[in-house]
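Welcome! Please take a moment to look over the sequence and the model below, and then read on for a short tour.

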Amino acid sequence: MKLPRMFKVRQRFRAEKLPDVANALQQELANCGIAVKPGARIAVAVGSRGIANLPLIVREVVEWVGSQGGEPFIVAAMGSHGGATAEGQRRVLETYGIDAAPVVSSMETVELGPDAFMDMAAYGSDGVIVVNRIKPHTSFHGRYESGLMKMIAVGLSKHIGAAALHRQGVTGLRERIPVVARQVLAAGKILFGVAIVENPYDETLLVRAIPAAKIPDEEPALLELARRNMPSLPVEAIDVLVVDEIGKEISGTGLDTNVIGRMKIAGEPEPTWPRIAKIVVRDLSASCGGSAYGIGLADVTTRRLVEQTDWAVTNANVQASGFTERGKLPDVAETDEDALEFALRGLKPEQARIVRIKNTLHLDKLLVSEAIRKEIAGCETIEVIGPAENFFAPFTF
């Protein structure tokens, strides 16, 4: 098959960002109204998402604890990620460069109430600071989605708590996360949360230190800010979306369901936008730890991706989430070209509406086919740079 002609496109989104993340966080910490007693052992809870400036933000929190006379250490607050093992979660943190303080990684927990668990090391500390990004969730929508409340209820509860909540399905997640998070907050171990909101370019838009008692009231407004700053695809109808990489640090589902318009959860309605007929995924990201969770959201993949996958890690994620459709293997093609040809069956390649992206987190640079180039012509926020050298050319423009 002759590969379709593609064009380089750059989308322009709102570009507000913090000019100095470290200084902004220092001010937040200084003004949060929380003090640490000298000698207090403070757990800094860090998750498994690819958050912009995460090592810097964690380092600033650690240094603030030290400046107060406290003794900081880091705990993994990532539910069942990292293959649901202590060593796997430690490796995830190492991959992100989280090394500002000693890491204590364990899957042991303390039960605090129905479905409510807390990492044993965190519970045994003199106080916990949770660090997480606020953003729309990929499985449900509600007053609280991905953020501090979810990290408190799910991330800090390790595999046992994450599995207990996910077994209740989407309704359980939507309704139980706030209840469980409040149970954990009531235990008095959480000091405050550091909330992060990013702009559409995966840059830090806001950092805020929120005392524990105020997290339930303040997080919803930050979620709406994050929702307004999400990137999106440039058109509504796409025949084939080619995604270069998937991974849990890109999205909890490998591919962000808010971007691709697919949920694949039994009993939950599918989004109405965008409408994508076929999705091709080519590779796993370098930092995903071998997890191909979310592969079931695609229609076609490559032999290369399958061989990169750690199925024990992937299956642990599937079992913890309970959303089995997302772990099913799509059709496997031997090469990128075979995968594209399979997805284009029944279509004329030169007329097909095709978009290629690096991943669902970075949507400012895309390749689009001629049909889509014509549709976006004249759009003030989209710049067509010119033809691509070949269909699978790197995103170097």
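## A short tour of the model

With a relative accessible area of 34%, Cys379 is partly exposed, a term for values between buried (under 20%) and exposed (over 50%), computed with a 1.4 Å probe on protein chains only. Cys32 counts as buried, at 9% relative accessibility. The structure holds zero disulfides, a disulfide being a pair of cysteine sulfur atoms within 2.5 Å.

This is a predicted model, in which local features need pLDDT of at least 70 and side-chain atom pairs count only at pLDDT 80 or more, while totals for chains, interfaces and linings use all residues. Residues are numbered from 1 along each chain as its sequence is written, and side-chain values use heavy atoms, with hydrogens and water left out.

Let us turn to helix H12, which covers residues 336-343 and in which Asp336, Ala339, Leu340 and Ala343 are buried. Helices (H or I, at least four residues) and strands (E, at least two) are DSSP runs numbered from the N terminus. Seen down the axis of H12, the buried residues fall within an arc of 95 degrees, so they line one face of the helix; the arc is taken over the directions from the helix axis to the C-beta atoms. An α-helix has 3.6 residues a turn, so residues three or four places apart point the same way. Among the elements that the buried residues of H12 pack against are strands E10 (237-246) and E11 (275-284).

Strand E11 is largely enclosed by the rest of the structure, because seven of its 10 residues are buried. Its pairings are listed here; two strands pair if DSSP finds at least two bridges between them.

| Strands | Bridges | Direction | Example of residues |
|---|---|---|---|
| E10 and E11 | Eight bridges | parallel | Ile238 opposite Ile276 |
| E11 and E12 | Two bridges | parallel | Val281 with Thr301 |

The side chain of Arg353 makes a polar contact with the side chain of Glu375 at 2.3 Å. Such a contact is a pair of N or O atoms within 3.5 Å; within protein, one must be able to donate a hydrogen and the other to accept it, and residues adjacent in sequence count only if both atoms are side-chain atoms.

Finally, the largest nonpolar core has 46 residues, and helix H7 (residues 169-186) gives the most to this core, with seven residues. A nonpolar core is a set of buried Ala, Val, Leu, Ile, Met, Phe, Trp, Tyr and Cys residues joined through side-chain atoms within 4.5 Å.

Technical notes
Contact = heavy atoms within 4.5 Å.
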